[in-house]
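Here are some brief points to read alongside the structure.

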Amino acid sequence: MKQVRGNARTVGAGGLAVTLQPLGVGLLPGGDGPADALNLASFSDSGGCPNNASELVRCMQDPLERASSQVFFASTHVPGVPPGTAIASPSTSAPDYFYHWVRDASITFARIAKIPATGGGGSGGQIASRGIADGPPRHPEIEALMAGFAHVSRGHQESPTVAGLGEPKFLVDGTPFNGPWGRPQNDGPALRALVLTRWAQYLLGHGGIPGAREYVSKELYDGALPTQSVVKRDLEYVAAAWRDASVDVWEEVRGTHFFTRLLQRAALDAGAELAESLGDSGAAAWYRVQAREIGASLAAHWSAKRGYLIATLDKVSGPPAKTSDLDVSVVLAALLAERFDPRIRAYAPWDGRVLATAVRLVGSMRGLYAINANTSAPAVVGRYPEDVYDGVGFSRGNPWPLATAALAHQAFIVARRWCRLRYLDLNQYSRSYLSELAATRIESGLPTLIATDPEFPKAVRGVIEYGVSVLKRVRQLAAADPHGDDAALSEQWDRDTGAKQGAINLTWSAVAYLDALDAYTETGLKCRSVLQSL
Ligand code: NOJ
Ligand code: NOJ
């Protein structure tokens, strides 16, 4: 394996020694650490910028991209905290978010795990270093972080918690948070399994990494029952527990959640593939059966009457005011599921039901937040219309950057899908998505719009432009914040003034913005020829 200079140390058990750079604040992008110590470009597609951290960050035109990259990097490189940990926010009081939440951390590591399993393609491909002659490109820093995440996750799984694998958050030293909390949160194991399955696939796709196969089949997926491996533990849990009521992504409602189930389905599908490739075909079949049943159960979330996907069914408890169950978590789930399963059929971000949910969500919030008035910019949105969480306590809910960035992200994924297919389905949902969010009216009365129809590029452009104006609005609010011009994203924006609200520098907000930017870049490449025909 490639030698990395410096006082490197290794993490990861089971034979795979992954070399880690010494970590510290000095290596923060823009800091004064060794300029080439961090391949930040692997995490953030920045076009023609150089492959070295400090210059790259300087080269980024968008200050919010720069600030978000810094927050993202800092959350996974906290001095004195084991690598593989990701803090939800550096904020330690009002609110105290200085924890490794399984959900937030998995979403953070999902961004790190965007590396293509077999190299080539993908946004990070061109800057990868080659560790093995003629092998696919290697990504040593990403490898170290992913090995760390697997290791930290094992520690979490094996520690005495209140809710077993459904435990939602841990202290940064890896010990469980055992105070009162909404438990279990069953989206966590599904997300963690998805990220670590990707890591296993990367390792298996790089056949030449010494000890990689042994590491995967010992640490990540051992094919044994009871299992001692991180991914299979989560998969067994998901396969057995998906029917159980659990606490939702917002840690408030106990019931059956679209967000949780869609990710559980994705985890079992991806896990089945991994199990199969490692010869555990009995488990693969079992995971597939469960995934199919989860898929069937999701149909109940669609309400034709209300015209959107209901976030929670069979509610056991939760804020009484939350009656619409119209929730951005539906869009977030679709984006995450598609990320891990590009062949996703039902409930992809372009699925009519998901489009309808986005339209209705925006409709419910346009008039709710004063900052949406008197502007030609698209509306910013929050978690759900009845929300009263203000980021510290309960007063009134606000728009959230991560929810808003998800709308842009969805728009880019939708456009990319259409460009890839070279047609789009025209139904009442795509038509209203186009007219209400993308300000694009389609004259054609046909059920499909094919690429040679002049209205096709018009639709694609409308949707991309919608996404771009959403991101511009996010940037504008970040830059205009009266309480600081460092342009990083907080958890919320005050609904009247747009000022930062709740945790300052929320990792998930940064990740959501960067993920949306990546999607923009990919869509640009995919849709170039369509747009040129305009
Ligand atoms: C209550 C909020 O509504 C919820 O979303 C949050 O996760 C917890 N408090 C913890 O801050
Ligand atoms: C509140 C959000 O509701 C929850 O989803 C998140 O995990 C925590 N904050 C930490 O960011």
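1. Is Ile450 buried, partly exposed or exposed? The model is a predicted one, and in it Ile450 has a relative accessibility of 46%.

2. Ile450 belongs to strand 11, which covers residues 448-450. Together with Leu421 and Tyr423, Ile450 forms a nonpolar patch on the surface. The accessible area of these residues together is about 240 Å².

3. Elsewhere in the chain, an open sheet is built from three strands, in the order 5-6-9, with antiparallel pairing. The edges are taken by strand 5 (246-247) and strand 9 (312-317). Each of these has a single partner strand, so one of its sides has no neighbour in the sheet.

4. Three bridges link strand 6 (residues 254-257) to strand 9 in the antiparallel sense. In this pairing His257 is opposite Thr312 of strand 9. Helix 8, residues 258-277, packs on the sheet and touches strand 5 and strand 6. The direction of helix 8 makes about 50° with that of strand 6.

5. As for the whole protein, there are 15 helices and 13 strands. Of its 534 residues, 61% are buried. Among contacts between residues at least 6 apart in sequence, 65% join residues at least 24 apart.

6. The protein has an accessible surface of about 19,700 Å². Carbon and sulfur atoms account for 53% of that surface.

Notes. Residues numbered from 1 in each chain as written. Chains lettered and ligands numbered in written order. Predicted model: local features only at pLDDT ≥ 70, side-chain atom pairs only at ≥ 80, totals over all residues. Heavy atoms only, no water. Helix = DSSP H or I, 4+ residues; strand = E, 2+ residues; numbered from the N terminus. Buried < 20%, exposed > 50% of the residue type's maximum accessible area, 1.4 Å probe, protein only. Contact = heavy atoms within 4.5 Å. Areas by Shrake-Rupley, 256 points an atom, 1.4 Å probe, with all protein chains shown as cover. Patch = residues over 30% accessible without salt bridge, like charges linked within 9 Å, V, L, I, M, F, W, Y side chains within 5 Å. Salt bridge = Lys/Arg side-chain N within 4 Å of Asp/Glu carboxyl O. Pairing = 2+ DSSP bridges. Axes fitted to C-alpha atoms, helices over the stretch in contact; angles between N-to-C directions.
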